Amino acid sequence: MKELRYPIGRFIIPENITDSQRQQWIQEIREAPGQLRKSVKDLTKEQTDTPYREGGWTIRQVVHHISDSHLNGYVRFKLALTEEQPLIRGYIQEKWANLEDTKKTPLEVSISLLESLHERWIVLLNSLQRQDFMKEFNHPESGLATLETALGLYAWHGRHHIAQITSLRKRQGW
Ligand code: NI
């Protein structure tokens, strides 16, 4: 069950985050929208409405969740870069995933949204100096997080959810 939920494992913060590690994460963020598009290619509506695991989100919910999450992520980066340890806010992702837009929006809309968002995010990320990645935001539940940790987390997050979709397809032979 754990493998189904975490097909690439959980995110582990490396002890020492190097420039090349950051570059790799930026590259993963760059590639995520294209990989997401590929992961849902040629799926039927019925397949799209199938949970990726028993009791889990449907592929549709997973796709829309990635853009919900990364919209928040982008805003968190902008806040941390322009304010001193800004208090951000969480959101109830389970409830977001059950709002009507998640049910009714074509997947392609969220994939294009993610593509545009990541394009802009990459421009921002490439403009940052090493010390900028040390800036922090303050999450009400998990506390202070540096931007370099957040970068790694969002790089992992895209790969994590895409792998939920591709591993379902593999198991189902789709
Ligand atoms: Ni997620």
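In this predicted model, a polar contact of 3.0 Å joins the side chains of His157 and His65. A polar contact is a pair of N or O atoms within 3.5 Å; within protein, one must be able to donate a hydrogen and the other to accept it, and residues adjacent in sequence count only if both atoms are side-chain atoms. Local features need pLDDT of at least 70 and side-chain atom pairs pLDDT 80 or more, while totals for chains, interfaces and linings use all residues. Residues are numbered from 1 along each chain as its sequence is written, and side-chain values use heavy atoms, without hydrogens and water.

His65 belongs to helix α4 (residues 59-82), and His157 to helix α8 (residues 147-172); helices are DSSP runs of H or I with at least four residues, numbered from the N terminus. His65 is buried, with 4% relative accessible area, and His157 is buried at 11%, where buried means under 20% relative accessible area with a 1.4 Å probe, protein chains only. Contacts are heavy atoms within 4.5 Å. Beyond four places in sequence, His65 contacts Trp57, Tyr91, Gln93, His157 and His161, whereas the contacts of His157 are His65, Ile66, Ser69 and His70.

An unreviewed UniProt entry lists His65, His157 and His161 under "binding site"; such annotations may be inferred rather than shown by experiment. These residues span 97 residues in sequence, but no two of their C-alpha atoms are more than 10.5 Å apart, so they gather at one spot.

How values were computed: Helices (H or I, at least four residues) and strands (E, at least two) are DSSP runs, numbered from the N terminus. Buried means under 20% relative accessible area, exposed over 50%, partly exposed in between (1.4 Å probe, protein chains only).
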